[in-house]
Amino acid sequence: ILLGFAAAVLLAWYLSYSAARLDRLHGRVEGTLAVLDAALVRRAEAVLELANSGALDPSSALLLADASAQALSEALDAPGDREMVESELTEAIRLALPEPVVTVIRQDHIDGADALDRLAAANDR
């Protein structure tokens, strides 16, 4: 009987320890997801700011504004699709901002250059 009681106590301790570890892991995962969501929102807002800066041609501005609005909407509505949202936003940035366009914006548009700096900072995070 004593051996059975010791086994039950040991099993209860192990289950309690495992549950605590899972709870801590869950907290860490939730915190990480919140940080990723915040980074996506910062990046999408920086893209939207660049699109509204007047430094881009209308089609590129529309492409970036649409991608940004879609990323913001999906980041808040469906956080499970973050990878797809990030990829689509990155693709829109890549299409609308080739290196020659970035160079022209940095030389000719102060507001656009500031928006590019904010976008670069958001991308680095």
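The axes of α1 and α5 approach within 9 Å and cross at roughly 165°, where axes are lines fitted to C-alpha atoms, for helices over the stretch in contact, and angles run from 0 to 180 degrees between N-to-C directions. The two helices α1 and α5 are therefore roughly antiparallel to each other; by the convention used, angles under 35 degrees count as roughly parallel, over 145 as roughly antiparallel, 65 to 115 as roughly perpendicular and the rest as oblique. The model is a predicted one, in which local features need pLDDT of at least 70 and side-chain atom pairs count only at pLDDT 80 or more, whereas totals for chains, interfaces and linings use all residues. Residues are numbered from 1 along each chain as its sequence is written, and side-chain values use heavy atoms, with hydrogens and water left out. Helices (H or I, at least four residues) and strands (E, at least two) are DSSP runs, numbered from the N terminus.

The passage of α1 past α5 is a left-handed crossing, a crossing being left-handed if the near helix is turned anticlockwise from the far one by less than a right angle, and right-handed if clockwise. On the α1 side, Arg 42, Arg 43, Ala 46, Val 47, Glu 49 and Leu 50 meet Gly 112, Ala 115, Leu 116, Arg 118, Leu 119, Ala 122 and Asn 123 of α5, contact meaning heavy atoms within 4.5 Å. Sorted by class, this contact of α1 with α5 has 7 nonpolar, 2 polar and 4 charged residues; Ala, Val, Leu, Ile, Met, Phe, Trp, Tyr, Cys and Pro count as nonpolar, Asp, Glu, Lys and Arg as charged, and the others, Gly among them, as polar. Ala 121 also belongs to helix α5, which spans residues 110-124, and with a relative accessible area of 39% Ala 121 is partly exposed (buried means under 20% relative accessible area, exposed over 50%, partly exposed in between, with a 1.4 Å probe and protein chains only). The C-alpha atoms of Ala 121 and Arg 42 are separated by 9.5 Å, although the two residues lie 79 residues apart along the chain.

Arg 43, a residue of helix α1, counts as buried at 9% relative accessibility. Its side chain makes polar contacts with the side chain of Glu 86 at 2.6 Å and with the side chain of Asn 123 at 2.5 Å; a polar contact is a pair of N or O atoms within 3.5 Å, of which, within protein, one must be able to donate a hydrogen and the other to accept it, and residues adjacent in sequence count only if both atoms are side-chain atoms. When neighbours within four places in sequence are left aside, Arg 43 is in contact with Glu 86, Leu 89, Thr 90, Ile 93, Leu 119, Ala 122 and Asn 123.

Helix α1 (residues 2-51) also packs against helix α2 (residues 58-77), their axes coming within 8 Å and crossing at roughly 155°. These helices, α1 and α2, are therefore roughly antiparallel to each other. The α1 residues that make this contact include Asp 37, Leu 40, Val 41, Ala 44 and Glu 45, and those of α2 include Ala 61, Leu 64, Ser 68 and Leu 72. By class, the contact of α1 with α2 has 13 nonpolar, 1 polar and 2 charged residues, and α1 passes α2 in a left-handed crossing. Leu 72 is placed in helix α2 and touches Val 41, Ala 44 and Glu 45, not counting residues up to four places away in sequence.

Two further arginines are found in helix α3. Arg 82 is located in this helix, which covers residues 82-96, and is buried, with a relative accessible area of 13%. The side chain of Arg 82 makes a polar contact with the side chain of Asp 37 at 2.6 Å, and, leaving aside neighbours within four places in sequence, Arg 82 is in contact with Leu 33, Leu 36, Asp 37 and Leu 40. Arg 94, which likewise lies in helix α3, counts as exposed at 52% relative accessibility, and a polar contact of 2.4 Å joins the side chains of Arg 94 and Glu 91.

Helix α4 (residues 99-108) and α5 pack at an angle of about 125°, with their axes 6 Å apart, which makes α4 oblique to α5. This contact is made by Val 102, Ile 105, Arg 106 and Asp 108 of α4 and by Ile 110, Gly 112, Ala 113, Leu 116 and Asp 117 of α5.
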